[in-house]
Amino acid sequence: MFKLKEQAILIISNEPWGDIWYSKHNWAYELSKSNQVFFINAPKRWSFKDLFCKKLTVNDYSESLKIIDYNNKVPFTRFEFLYNLNERIVTKLINKYLKSKGIKKTVFWSFDPYRFPNPKLLNAAKSIFFRVDKFLLLKRERKLLENVDGLVVTAEVLLQGTFSKKHLILSHGISEDEFKPTINNIKYNEGFLIYVGNIDYRMDVKLLKKLLIAFPEQDFLFIGKLVDTDNETFQEIFFEKKYPNLILHGIEHFKNLKNYIYKSKACLAPMDISIDGNEIHHHKSLQYLAMGKPIISPIFNDSINNDEMILGYKNSDEAIDRIKNLECTETNEKVKNRIDYSKQFLYANLIKEVEHFLN
C-alpha cells in the first residue's frame, strides 16, 4: 500500500513562488506539513550566460519546503530537438541535487503541461498531472498525460481531450489555517465589499462600473495584481480611478488575505463568464466561505452554487439587488453553514483522496 506521507514530492509549477498563491502553491505548502517538498519554478527567459551555468538555486521557504530555480541551458526550446536536450540536462541537475540529499525516489506532481513530460527520468515512484485551468491540449501535454499514473482535475470540463485517462475530479482545497484571522488591525474600516485575485481582462467591468455607481457610499476593496487591459471601462475604473469608493490595495501575501476577508461585509467574484474558462469556478470561493462570508457572483459550474453559499446573479440588476438586500438576508446560521461547508474541502481530506487514487 502506497503512503503519501513522508515522501519526497516534486511540485512542477508554471507559476513562480511568491506572495500570489494558486493551487500549486497551496498544495506545496500543505504537503510540506508531512513531506519533503521541492517546488520547481518555471525557468526565466534564456540568456547567453545560461550556457555556462550548471547550478540550481535552492531557497528554503521552510525546513520541509524548498524552492528550486533553474535556467534553460539552451535557447529556442520551442524546437523539439533543443527542448528534449534541455530537459535532459536540467533533469540531470535536479537528480544530482536530490541524490545529494539522499533521495532516491520521488512523487512527481505536475501543474505544468509543458515541462518534464517523462516523470520516470526524475525517479518518480508515483506521478500525477494536476490540471486546474482550461487551455488548449498540445503535443507536450499529451505526452505528459501518456506518462503519468493519473490525472487530477478540479472540474469535469477539464477532462475534455484527455483520452479517458485514469482520473480523479477533486475540488479546490482550503487550509485549516484559513478559518481564523491572525490580525484585526487592518488599515481599512470594516464593512467593505472585497474582491481577491488578479485584476485583468477576465473581469466584468461593465457590471463593476454599475455597482460602483449604484453604491457610492460603499467601499469596494480590490486586492491583487493589476494587469493593464485595453478596455475603456477597465481604464476608467482602475487607471483613471474615477470612482472614489474603489480601493486598490495591490498584492498581499496569500496567508494575510483572510484578515481582510474577515473584516468584509461580503465577497465579490465579478467575472465575465462569457470568456472561455471563466465559467468553471472562482479560486478564492473557499477562502471567502471559510470566514462565513456570502459571495456575490455569477453562477459558476462548480458545486458551490446554491443561494446559501453563492448569492448568484444572471444580470447586473440581480447583482445590485443582492447587495441591497444583504443586511436583511444574512443570518448567523448562514454564516455557520458556510464555514461548516468549506471544512469538507480541507487539504487533509483531499490528500487522503489523492493517496487512495494513487493506490
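Predicted model: local features only at pLDDT ≥ 70, side-chain atom pairs only at ≥ 80, totals over all residues.
H356 counts as exposed, at 66% relative accessibility. This residue sits in helix 11. From H356 to K225 the sequence separation is 131 residues, and the C-alpha atoms are 37 Å apart.

## The whole protein

The protein has 11 helices and 14 strands. Its C-alpha trace spans about 60 × 45 × 40 Å along the principal axes. How does the radius of gyration fit a compact globule? A compact globule of 359 residues would have a value near 21 Å, and the protein has 22 Å, so the two agree.

Burial comes next. Of the 359 residues, 53% are buried. The accessible surface comes to about 17700 Å². Carbon and sulfur atoms hold 50% of that surface.

Take the contacts with a separation of 6 or more: 69% of them join residues 24 or more positions apart.

The largest nonpolar core has 83 residues. Within this core, L4, W27, W109 and F238 have the most contacts. Which helix gives the most to this core? Helix 11, covering residues 347-358, does, with 6 residues. H356 also belongs to helix 11, but H356 is exposed.

Another core lies apart from the largest one. This other core has 27 residues, including L10, I94, L98 and V153.

Neighbours within four places in sequence are left aside here. W109 is then in contact with L4, I9, L10, I11 and I12, among others.

F238 is found in helix 5, residues 232-239. Is F238 buried or exposed? At 1% relative accessibility, F238 counts as buried. Beyond its neighbours within four places in sequence, F238 is in contact with I199, M203, V205, L208, F222, L226, L246 and L248. D272 lies 34 residues from F238 in sequence, and 17 Å away in space, C-alpha to C-alpha.

## Buried residues elsewhere

A266 is found in strand 12, residues 266-268. Its relative accessible area is 0%, so A266 is buried. Leaving out residues up to four places away in sequence, A266 touches F192, L193, I194, P294, I296 and L326. T57 is 209 residues from A266 in sequence and 42 Å away in space, C-alpha to C-alpha.

E30 lies in helix 1, residues 23-31. Why does E30 count as buried? Its relative accessibility is 7%, and buried means under 20%. With residues up to four places away not counted, E30 touches S175, K255, Y347 and I351.

## The loops

Most residues other than glycine have a negative phi. Two phenylalanines are listed with positive values. Phi of F76 is near 55°, and phi of F116 is near 50°.

F76 is found in the loop between strand 4 and helix 2. P75 is in the loop between strand 4 (65-69) and helix 2 (80-100) as well. What does P75 touch beyond residues up to four places away in sequence? P75 touches W46 and L82. N86 is 11 residues from P75 along the chain, and their C-alpha atoms are separated by 8.6 Å.

F116 lies in another loop, between strand 5 (106-110) and strand 6 (124-131). F116 is buried, with a relative accessible area of 3%.

## C-alpha separations side by side

The table gathers the pairs described above.

| Pair | Apart in sequence | C-alpha to C-alpha |
|---|---|---|
| P75 and N86 | 11 residues | 8.6 Å |
| F238 and D272 | 34 residues | 17 Å |
| H356 and K225 | 131 residues | 37 Å |
| A266 and T57 | 209 residues | 42 Å |

Key. Residues numbered from 1 in each chain as written. Heavy atoms only, no water. Helix = DSSP H or I, 4+ residues; strand = E, 2+ residues; numbered from the N terminus. Rg over C-alpha atoms; globule rule 2.2 N^0.38 Å. Buried < 20%, exposed > 50% of the residue type's maximum accessible area, 1.4 Å probe, protein only. Contact = heavy atoms within 4.5 Å. Areas by Shrake-Rupley, 256 points an atom, 1.4 Å probe, with all protein chains shown as cover. Core = buried A, V, L, I, M, F, W, Y, C linked by side-chain atoms within 4.5 Å.
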